[in-house]
Amino acid sequence: MWRGWLCALVATLAFPAAAQEIAELRIAMPVSSGQLPREMAELVIEAEAWQQLDSKVVLLRTDRPVKELLQEGEADLGFVPLWLASDPDERQLGVASILHQPFGGLGSGGTARLLETGFRDAALMDLGQRGFFTLSFASLGASSLISSLDLNTAAEIEGLKATEFEPDGTGLDALGASLQRGQIQDMGKALQDRSIEIAETLWSENVTSLASEQKLQSVLTGYSSLVLAAQVRPETWGAFSERQRRHIRAALLQIEEQSFVNAESDIAALQAQLSELGVKTIPFAEVAGEEGRQRMALAWAERGENRVFALELFETALAEAAEPQPAPNPEDEGGLVPESKPLIYFATDRERDYTGDLATEFGVEQITEARYHCGRVEWQKNKRRDSDNLYAGSISLAGRLSADNGCISDLAGPLKSQRVLLFIHGYSNSFETAVKRVIAVAEDVGWQGPVLLWSWPSWGERSAYLADAQHINDSRRRLEGFLRDLTQATDGMTMVLAAHSMGGRLGVEIVYQFAGPTADSLERAVFVAPDVSGNAFSDMIAHSGHNHPVTLYAHRKDCPLKASAHRFNNDQPRAGQGGPDLIVLGGLETVDASYVRDRRVCGNHTYTFDRPKAQMDLKMLLTDGAPACVRKLERATRNGTLYWLISRGTVPCR
């Protein structure tokens, strides 16, 4: 009997079951005023990407709170009205709420234009909370303002008796209107007898009905976007396979893009219908004007803590959308031509999905069946990159996938006596994204030796900051054990550490780990935009006892780090922030990269990977170990301590 049991156990360990795939995906949609636009329902069900999911998609129309259905397991995904998507107990900055504020759609191209920029990622990050992830957005349409008066300017709204959906002091009342409380039973009668002089309404049918009864003189279209947030419980999202998550993300993005296109089309159709009825229509943006937009925006910012950051981000988005592209700086153009095809190895403490496809083999949950897995990546040198400068080709497993002691023995041979680039990615990275990032970095810096990626179990979602922070903390001990065993098995191996963003938290642990008897195994440590407490980073420099070079890249306009400090870290500056928070210490090579800037609305966080001047500096540092003077950086001092600037020109070494 025991032999049969042992054989069964061995078979189970050797051939684990593949990840379970759902047969039915239940999506909850809120029913507003007893109706859901037919076009929206069709759009959710018929998104083309669902065809790749191999699961039945079921739409649940509900008048119950969608979050309640998600919490009770009665729905898998849910579209939640944006004003209900955030958690009132969390320290939200208000970035996402701008999407449905009246002033939020008044920029170039309106709300849809904002979502085409980095403002979208900032909004998703701001919605991060412990109980839900927000995956995307969608539009139910835009409301209109209707009036029995002939309105043309914002000044004419002042003093009018008004009603709107969310009277919070940031809409019509910010323009001087007198908001009337209570529900209006007969809007047509209220407009006719002037007990209400301007009112917000959603459905086009209501507007055309009142217009046909000759009760309207003006319709101001595009007042406020009714935005939904696609949300999911972390437990539910983690239960999907990585392949399923990929297809769900693709479908939700299709729904997001098309829903905002439909919203614009609905406005155009409404304007055409009202024109036939002889009713004047004018976009609310034209009536409000720049002065009105600013009045509403300032009123909104004054009514919540930390909203100044969100408003600054919004204003930046508007300005950059309106400005012409700046003239290129010839010294910051051209990029690096990939020089080599290094061998890429990986080690990860992510749970396996057993798909047989390396791109989807590892998911988002922490490993349970082993301490870590490792292998080598097969990839094609094709010089193609996506919009984020990531390697754009396919990846596959070269050779076998190992676990634990098998990892160490498989890596010991190829890494023995080698100079290895150890790369640790930041938050919001799937395994596939992390691999494609490290391939691009290795190519760009012309790394000649082997490259080793440590991929900790990031959820790969912008709204999963808090969950990622927990996972990377849990990854510390597994990485420590992996590097301890690896360095003991690979005589003469030296590592050059490059840690980006939240990955810097593991980087700090590595500096401490290799500050003692094993110090020779770490040649240098490079921190790029580290999302690490400035105090913790300074303590590492002062107290770790390290005797290898440490370089810090920082940027005064690193928007994601600024959001991280405000939203999740009690306004504690992050080590990668520049400006007044720039860390300049003895024993640390600080590089202020604020001169190089990308065009993202909430950007300047990946500059060493996609801005040529910073890329070249990173290349010389990692590949050649060149000091800052040789890299022709500009000298600067703070409190008598030297640091370095990436600047427009090059400075002779002296």
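Predicted model: local features only at pLDDT ≥ 70, side-chain atom pairs only at ≥ 80, totals over all residues.

Reader: Fine. How many helices and strands are there in the chain?
Author: The chain has 21 helices and 24 strands.

Reader: And how many of the residues count as buried?
Author: Of the 654 residues, 58% count as buried. As for contacts with a separation of 6 or more, 76% of them are between residues 24 or more positions apart.

Reader: Let's do helices. At what angle do H14 and H16 pack?
Author: First, some background. A pair of packed helices is described by the angle between the two axes and by the distance between them. Here H14 covers residues 405–415 and H16 covers residues 465–489; they pack at an angle of about 50 degrees, and their axes are 9 Å apart. H14 and H16 are therefore oblique to each other.

Reader: Is the crossing right-handed or left-handed?
Author: H14 passes H16 in a right-handed crossing.

Reader: Which residues meet there?
Author: From H14, they are Ile-408, Leu-411, Ala-412 and Leu-415; from H16, they are Phe-482, Asp-485, Leu-486 and Ala-489. Sorted by class, the contact of H14 with H16 has 7 nonpolar residues, no polar ones and 1 charged.

Reader: Then what about H17 and H18, how do they cross?
Author: The axes of H17 and H18 cross at roughly 15 degrees and come within 10 Å. That angle is under 35 degrees, so H17 is roughly parallel to H18. The crossing of this pair, H17 and H18, is left-handed.

Reader: Which residues make that contact?
Author: H17 brings Val-508, Val-511 and Tyr-512, and H18 brings Phe-537, Asp-539, Met-540 and His-543. By class, the contact of H17 with H18 has 5 nonpolar, 1 polar and 1 charged residues.

Reader: New topic. How many salt bridges are there?
Author: A search of the whole structure finds 34 salt bridges. In general, side chains of opposite charge can pair when their charged atoms come close.

Reader: Which residue does Arg-478 pair with?
Author: Arg-478 forms a salt bridge with Asp-349, and their closest N and O atoms are 2.8 Å apart. Arg-478 lies in helix H16 and Asp-349 in the loop between strands S12 and S13, so the pair ties together parts that are 129 residues apart in sequence.

Reader: Are those two buried or exposed?
Author: Arg-478 is buried, and Asp-349 is buried too.

Reader: What does Asp-404 pair with?
Author: Asp-404 forms a salt bridge with Arg-371, with the closest N and O atoms 3.7 Å apart. Asp-404 sits in the loop between strand S16 and H14, and Arg-371 in the loop between strands S14 and S15, so this pair ties together parts 33 residues apart in sequence. Asp-404 counts as buried because its relative accessibility is 19%, whereas Arg-371, at 34%, counts as partly exposed.

Reader: And Arg-400, what is its partner?
Author: Arg-400 forms a salt bridge with Asp-410, the closest N and O atoms being 2.7 Å apart. Since Arg-400 lies in strand S16 and Asp-410 in helix H14, the pair ties together parts that are 10 residues apart in sequence. Arg-400 has 54% relative accessibility and so counts as exposed; Asp-410 is partly exposed, with a relative accessible area of 30%.

Reader: Which residues are linked in a network of salt bridges?
Author: Arg-64, Glu-68, Glu-72 and Glu-74 are linked in such a network.

Reader: Last topic, backbone angles. What is phi of Ser-501?
Author: Phi of Ser-501 is near 55 degrees, which is a positive value in a residue other than glycine. Ser-501 is placed in the loop between strand S19 and helix H17. At 5% relative accessibility, Ser-501 counts as buried.

Reader: And where is Ala-529?
Author: Ala-529 is found in the loop between strand S20 and helix H18. Its phi is positive, about 50 degrees, although Ala-529 is not a glycine. Ala-529 is buried, with a relative accessible area of 0%.

Reader: One more: where is Ala-177?
Author: Ala-177 is in the loop between strands S6 and S7, and it is buried, with a relative accessible area of 8%. Leaving aside neighbours within four places in sequence, Ala-177 is in contact with residues including Ile-157, Leu-160 and Leu-172.

Technical notes: Residues numbered from 1 in each chain as written. Heavy atoms only, no water. Axes fitted to C-alpha atoms, helices over the stretch in contact; angles between N-to-C directions. Helix = DSSP H or I, 4+ residues; strand = E, 2+ residues; numbered from the N terminus. Parallel < 35°, antiparallel > 145°, perpendicular 65-115°, else oblique. Left-handed = near helix turned anticlockwise from the far one by under 90°. Contact = heavy atoms within 4.5 Å. Nonpolar A, V, L, I, M, F, W, Y, C, P; charged D, E, K, R; others polar. Salt bridge = Lys/Arg side-chain N within 4 Å of Asp/Glu carboxyl O. Buried < 20%, exposed > 50% of the residue type's maximum accessible area, 1.4 Å probe, protein only.
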